[in-house]
Amino acid sequence: EKGGVNLIEYYPVEIFKDKESIGENKKSVVFEMIFQHKEKTLEDKDVNRVINEIIKVVSKNYSAKLRQL
């Protein structure tokens, strides 16, 4: 829990490998994340703080990059 915001569920929904488009030995992984607060409806600003922290940790620990669309 971070600031009352709970990430209650997460799982990969798509794993894509294609050395031509994303590079050799690389994967593109799409995750679905479900957030819930005990007392209020969450807004983007509430969830984005948590998502940014997840991106920071995954980038540091796994050399992952957020893909730009």
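Is S63 buried or exposed, and what is its relative accessible area?

A: Happy to walk through it with you. Please keep in mind that this is a predicted model. S63 has a relative accessible area of 62%, and because the cut-off for exposed is over 50%, S63 counts as exposed. S63 lies in the segment after helix 1, and its phi is near 55°, a positive value in a residue other than glycine. That deserves a second glance, since most residues other than glycine have a negative phi. N25 also has a positive phi, near 60°, and is not a glycine either. N25 sits in the loop between strand 1 (5-16) and strand 2, and with a relative accessible area of 78% N25 is exposed.

Helix 1 covers residues 44-62, which makes 19 residues; at 1.5 Å a residue they should span 27 Å, and the 26 Å between the end C-alpha atoms agrees with that. Its buried residues, seen down the helix axis, fall within an arc of 80°, so they line one face of the helix. Buried residues in helix 1 are D46, V47 and V50. The spacing makes sense: an α-helix has 3.6 residues a turn, so residues three or four places apart point the same way. On the face turned away from the buried side, helix 1 carries the exposed residues D44, K45, R49, N52, K56 and K60.

The side chain of K40 makes a polar contact with the side chain of D46, at 3.3 Å. K40 belongs to the loop between strand 2 and helix 1, and with 43% relative accessibility K40 counts as partly exposed.

The side chain of H37 reaches the backbone nitrogen of K40 at 3.3 Å, and the side chain of H37 reaches the backbone nitrogen of E39 at 2.8 Å. H37 is part of strand 2, which runs over residues 28-37. With a relative accessibility of 18%, H37 counts as buried, because the cut-off for buried is under 20%. Put together, K40 is contacted by the side chain of H37 through its backbone nitrogen, while the side chain of K40 contacts D46.

Finally, here is the setting for all of this. The protein has 1 helix and 2 strands, arranged along the sequence as β-β-α. Its C-alpha trace spans about 45 × 20 × 20 Å along the principal axes. The radius of gyration is 14 Å, whereas a compact globule of 69 residues would have one near 11 Å. Of those 69 residues, 14% count as buried, H37 being one of the buried residues. The accessible surface comes to about 6,300 Å², with 48% of it belonging to carbon and sulfur atoms. As for contacts with a separation of 6 or more, 43% are between residues 24 or more positions apart.

Methods
Residues are numbered from 1 along each chain as its sequence is written. This is a predicted model: local features need pLDDT of at least 70, side-chain atom pairs count only at pLDDT 80 or more; totals for chains, interfaces and linings use all residues. Side-chain values use heavy atoms; hydrogens and water are left out. Helices (H or I, at least four residues) and strands (E, at least two) are DSSP runs, numbered from the N terminus. The expected span of a helix is 1.5 Å times one less than its number of residues. Buried means under 20% relative accessible area, exposed over 50%, partly exposed in between (1.4 Å probe, protein chains only). The arc is that of the directions from the helix axis to the C-beta atoms. A polar contact is a pair of N or O atoms within 3.5 Å; within protein, one must be able to donate a hydrogen and the other to accept it, and residues adjacent in sequence count only if both atoms are side-chain atoms. The radius of gyration is taken over C-alpha atoms; the globule rule is 2.2 Å times the number of residues to the power 0.38. Contact means heavy atoms within 4.5 Å. Accessible areas come from the Shrake-Rupley method with a 1.4 Å probe; for residues, only the protein chains shown count as cover.
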